[in-house]
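Here's a quick tour for anyone meeting this model for the first time. Have a look at it, then read on.

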There are 2 protein chains.
Amino acid sequence: MISPQLPETWSRTVILGVRPAVDSGRFPIKRVTGESVTVTADIVADGHETVAAELLYGPVGGKEESVRLTFLGNDVYRGDFMVGGVGPYTYRVRAWVDMFATWQSVFKRRVDTGSAEAELKSELLEGAGLLKKAVAKAKGEDKKLLQRYVKRFEKGEPEAALEPDVTDLARTYDPREGAAESEPLEILVERPLAQFSSWYSFFPRSTGNPGEHGTLDDAAKRLEYIKEMGFDIAYLTPIHPIGTAYRKGKDNSPTAQPGEPGSPYAIGSEDGGLSDVHPELGGMAAFERFMARAKELGLEVALDIALNASPDHPWVKEHPNWFRQRPDGSIRYAENPPKKYQDIYPFDFESDDWQNLWTALKDVFAFWASKGVRVFRVDNPHTKALPFWSWCIASLREEYPDIVLLSEAFTRPKQMYALAKLGFSQSYTYFTWRYTAAEFAEYLTELFQTDVAEFYRPSFWPNTHDILPPYLRGRAAFQARLVMAATMSASYGVYGPAYELIDDEAHELREENKNNEKYELKTWNLDDPDSLKPLVTRVNQIRLENPALRNNRSLKLHPLTNDQLLAYSKTDGDNKILVIVNFDSANTQSGFVDLDLGALELPQNEPYTAEDLVTGESYTWTGARNYVSLDPNRFPAHVFRLSGRSAARAARQRAL
Amino acid sequence: MISPQLPETWSRTVILGVRPAVDSGRFPIKRVTGESVTVTADIVADGHETVAAELLYGPVGGKEESVRLTFLGNDVYRGDFMVGGVGPYTYRVRAWVDMFATWQSVFKRRVDTGSAEAELKSELLEGAGLLKKAVAKAKGEDKKLLQRYVKRFEKGEPEAALEPDVTDLARTYDPREGAAESEPLEILVERPLAQFSSWYSFFPRSTGNPGEHGTLDDAAKRLEYIKEMGFDIAYLTPIHPIGTAYRKGKDNSPTAQPGEPGSPYAIGSEDGGLSDVHPELGGMAAFERFMARAKELGLEVALDIALNASPDHPWVKEHPNWFRQRPDGSIRYAENPPKKYQDIYPFDFESDDWQNLWTALKDVFAFWASKGVRVFRVDNPHTKALPFWSWCIASLREEYPDIVLLSEAFTRPKQMYALAKLGFSQSYTYFTWRYTAAEFAEYLTELFQTDVAEFYRPSFWPNTHDILPPYLRGRAAFQARLVMAATMSASYGVYGPAYELIDDEAHELREENKNNEKYELKTWNLDDPDSLKPLVTRVNQIRLENPALRNNRSLKLHPLTNDQLLAYSKTDGDNKILVIVNFDSANTQSGFVDLDLGALELPQNEPYTAEDLVTGESYTWTGARNYVSLDPNRFPAHVFRLSGRSAARAARQRAL
């Protein structure tokens, strides 16, 4: 409430609306190391005074730096800075009236409008008075220079008042009296992988000899294949001991046949629980060898953490109060009536012993982090108490500031956004269920062009082991969605080898692969000559070679004359990527794209080069409107690198 | 920052984005007594739990009331309440998981999908357990009813679980465990005049006999004329003693001729200052008689407070340190080089003695409030320190909660908005300088359809004694702008009698009347047969008779086929006003208006009546598209009252 008491101190400036801010600063904005932050603030003062403002920023507990804000017009000021290391940062705005600059601008008007000499002399004395405050702050050579200006002012030299030197010095030693400061806002700075990452998800048990249960040693061999394709993260479906009670059989059958491996999401058996490794995968020793091999290859390993227990999880006996009981004393299994999941016991986050339960769950992450895992894909986080996540993640980041967490929340948008606000680094998205170019245009705008981009880092997945959307049928569709996922979003992932092997055989009732790999061992022919492995490899290489694909904020849509085509660009300085995709996987689609040459910083009337990074073909274009034609039987997308300057240079050379 | 420490308590619900809120709750939203507040909040919880939420609201220091929020979809909840008396109010949201409702909805699904009897019985025991918590809270008959339900649950009667009574009782006595609460947000509740007001501005000294300086006793006679026209507020230009040093003459001449009255904005002479009455106006006694007469007539009086001093103001001698000195020791007058205003000394809000200066300035308002004045038009508030206003207004409202302050800030938009946020009840606007229908559509949308409407109450003035915009030439323009100002905005005002007497003779250089009344006595022929007095009277009557014109938020634009025409409606329940204005004051303009019948709650296919409240003509329209033609030589606007139901009834009667 505005106080009716006379304030002790006050400022002539009022700082309003500092942006970006997530929910008015309740949650941090997110950046990765080396990313920039553009801050704007509305700052008003009375009258026409010259407002000066600076942005103060720095790591929490570290040295605060500052950068001067520039005036954009309409009482809006802007400043930019780059974040350094991983950890929390803060930023805030300080604003004050620059008394000397205010005086100077009025004085200039006096000179320009031909004021009398006596008046100018009198005003110069006023200016000298203001300058003396700067003298008091200055030291060394600057102090001497300022003192000389004071003398010139006092002598009545109007030209002295308008020299660049006095302007600079007065600004440097501005007494900044009565400055206002905004409340500090927070930034969560993560490492670049939190923003820019390619995920490859696979079932480690499907890496053995045909018909045999693969081990993490087999999976370690698979890492080379994954590395060859250029992925950053090898993500393992859960590796914990699998329960035997109510074990699911092939195709989600409620009863497993003897020898069936069960779902790795039914976690825990007499062999251990969430912090143990399934014996059939080779136990903890095999896991450690797997991690060592990943490290050799420079691959990150992501574990899939599903916070629930099979009836055989040791905690069921040790901590029955961590689960909800039914009135008959039995433990409540997961249900979505009429569906029953007797093989899964959810944790009761409201347990009387919640402090110990929460700590134990957090310690699951901490345990694997102690084993070198820094990336986690979290299964269904939206069905766990939201405050658990904010605490758990903040607490983990204290010890392991470099952890990256991917939220597997396919749920309502505000729930997904809330999880991102509460700390998850990345999130699954609706990418999988957007079908038309218009739907993508809308969704990309929401994700990348609004405040959502400040806290929500989307990871685009064309498929997962639980989702095979109806669009994904046939080679062209797999090609198109791969290109889209990998070039639209800085983070993307696939469920392989199903993806590169174009496994498009769908379940009769559900939008997932027929005979879901969750319930059985699969054998994949990695040497299939039709494999998309070469394309995946090329796309990942393009991602690495083009910094434009590391950010999301630069994404820009370009209109087309054919609504079966979508065109979007991403830029980073001179690196300019333009992607055009055909959404029709059956027919050639052609049309004109109208490029926003201004946004792309390309010449309006000179030729520029569009080099297709997938096919290697190169086109010389001139002007905004260009013809494109994409035959899905050849390849359903163009991934162009645009270069204007060299093209212009080439044109000049031709002209010589 | 999100804490890495285990919380002591927590809630499964997270309340995000409570709206409305001005700058995230830093400033209050504004309402007048009897107005409603619609609050929406984004509330998320884990999973698919049934979230319950309520809105808590009430006067600060008074009884807090609550209203249940309803679910709108997409995790958004809504509640409405009405504010009562004048003063600060707060509102906040409380949310929790309704455990019984969550249980009940799953139980219903079990019943619907044919669960086994044993399972239902077991689940009913669970439900009984939840219901017992309600029993513990309930009393009397409700407790007995609930106990009976518990027994029926325990007996295993599935139908008991789905009866409306148990739903209602469980909701009423919901234990509401683990509720989350949002931070309280503030409302400044003012009296209705702060929102709905018609202002009539005049120079009291121009109410005397021709050639004579009018007194406040003459002005008191003028009040009857103002009352006849139906205005709410008689607003007097400054009534204080006028300085003689550098007194301005006719047409802003830098030297006054003997006998010239001077500008009433050059405040202060040996006869007193900001808290005194100019002797030529009859002194304080005449002012008191003026106030008494206004009270008899039921008219509010607004004083025009210009916080600056003429060189003759007593404070110049008493408190020279309240003004800025020039290096030669003289007091700094107002300047906008090359313009000099030697007759005006601005106050130095940064004076070393600022506490006493601020208090003295606040006491000016308090003095006049003690004389019964509750409405102030504040001259150029944006050239005074902004924190002065927030403190001054908050402090004044403590003693005089019914004061209404109009900010005369014709300046940059964010400065105008800042003054509104800091406490001004109303503000002048850019109405005066909007010329085309398209400009109005944009401006009305910004003012009435965005968050601006939560804190900024526009007062639309077609003219002031300082502004005669180029559009205002000829009778039709004056008619059109009057209708627009009075029907677009709940608050409007005119500078009279210049307005009703269609004084459109402009200054050669400035957008103001020729021979500005600020510098001379004027004689107005109130009996001019061409006076717009009858129209003004009718328009004010329409405003009083139609509650739709009391609000701004309901304003809706309706497209037209002619861009020289503008159509907008305002509604309040069944009261529906549609205004169509011709912007061309020279030619008849015709076209089709496409009414949004849905928004107007009018029948799509039945006739409805459009009654022109100015001309008395009545039209029967059917459907959205209707033809309109406005001849400015006749009258440049329609002010329709639309009535659908009676029209529909009439149609039914005709059909019988």
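## A sheet in chain A

A:R19 has A:T40, in strand 3 of chain A, as its bridge partner. Strand 1 of chain A and strand 3 (residues 36-45) run antiparallel, with 5 bridges joining them. They belong to an open, antiparallel sheet of 4 strands in the order 1-3-7-6. Here strands are DSSP runs (E, at least two residues; helices are H or I, at least four), numbered from the N terminus, and two of them pair if DSSP finds at least two bridges between them.

Strand 1 (13-19) and strand 6 (70-73) of chain A sit at the edges with a single partner strand each, so one side of each has no neighbour in the sheet.

## How the model is read

This is a predicted model: local features need pLDDT of at least 70 and side-chain atom pairs pLDDT 80 or more, while totals for chains, interfaces and linings use all residues. Residues are numbered from 1 along each chain as its sequence is written, chains are lettered from A and ligands numbered from 1 in the order written, and side-chain values use heavy atoms, leaving out hydrogens and water.

## Where the chains meet

Chain A and chain B each give 74 residues to the contact (heavy atoms within 4.5 Å). Between them they bury about 6500 Å², 58% of it on carbon and sulfur atoms; that's accessible area (1.4 Å probe) lost on being put together, summed over both. In chain B, B:I2, B:W10 and B:K414 lose the most area to chain A, together 11% of what that side buries.

There are 18 salt bridges between the chains (a Lys or Arg side-chain nitrogen within 4 Å of an Asp or Glu carboxyl oxygen). One of them links A:E335 with B:R110, with the closest N and O atoms 2.5 Å apart.

Terms used: Buried area is the accessible area (1.4 Å probe) that two parts lose on being put together, summed over both.
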